Amino acid sequence: QFNKRQKMAKANILLVESDAVASISLMIFLVGNEYNVMCVATIEEAIQHCDQHIVDIIITELSSKVNGFRLVGYLNEQKKSPIVIGVVDTQPDNILLLTLAGESGINIMFKKPVTQDLLLGYIEKELRERQLFCGPFSNN
């Protein structure tokens with residue numbers, strides 16, 4: 001008989017990252033913090049995943065390789081509103097980049113390399129605000 005209580009994941013995260021090493025490293029960190037994580041390398045794969053699965057958070061590159069703005073535009077058209085975290089190679093204080101991010105619905109941007117603890121803190125803050133987070137003392 002199975003008596004141990006199985007832990008539920010805190011949220012479903014879609015990671016859109018063209019760098020396989022960065023993707024695997026972040027996935028291991030997030031899974032270790034009890035999140036379900038799916039990694040894809042292209043916007044096309046991300047759109048397909050969003051059409052087929054519930055996604056609470058998207059962490060996406062905003063680069064020439066992976067145009068996260070296209071993904072956010074698609075989500076807006078479909079009336080889907082996951083938390084969207086943009087990751088950029090340049091300083092995120094670029095006025096044009098900040099304007100595009102704000103207008104498109106990106107919640108926050110981080111510069112690569114992303115500090116995992118900072119990212120985790122932001123994720124959990126956003127989930128609490130949206131009441132999706134089920135912490136260790138929650139009845140959910």
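Helix α1 contributes the most to the lining of the second largest pocket, supplying four residues. Helices here are DSSP runs of H or I with at least four residues, strands are runs of E with at least two, and both are numbered from the N terminus. The model is predicted, so local features need pLDDT of at least 70 and side-chain atom pairs pLDDT 80 or more, whereas totals for chains, interfaces and linings use all residues. Residues are numbered from 1 along each chain, and side-chain values use heavy atoms, without hydrogens or water.

The second largest pocket holds about 220 Å³ of space. Glu17, Ala22, Leu26, Lys112 and Val114 are the closest to its centre among the 16 lining residues. A pocket is an open set of points on a 1 Å grid where a 1.4 Å probe fits, with protein on both sides within 12 Å along at least five of seven lines, and lining residues have an atom within 4 Å of a point. At least two lining residues come from each of β1 (12-16), α1, β3 (57-61) and α5. By type, the lining comprises nine nonpolar, four polar and three charged residues.

Helix α1 (residues 20-32) also packs against helix α5 (residues 116-129), at an angle of about 50° and with the axes 11 Å apart. In the contact (heavy atoms within 4.5 Å), Ser25, Leu26, Phe29 and Leu30 of α1 meet Gln116, Asp117, Leu119, Leu120 and Ile123 of α5. Six of these residues are nonpolar, two polar and one charged.

Terms used. Axes fitted to C-alpha atoms, helices over the stretch in contact; angles between N-to-C directions. Nonpolar A, V, L, I, M, F, W, Y, C, P; charged D, E, K, R; others polar. Points joined across faces, edges and corners; volume = space filled by probe spheres on them.
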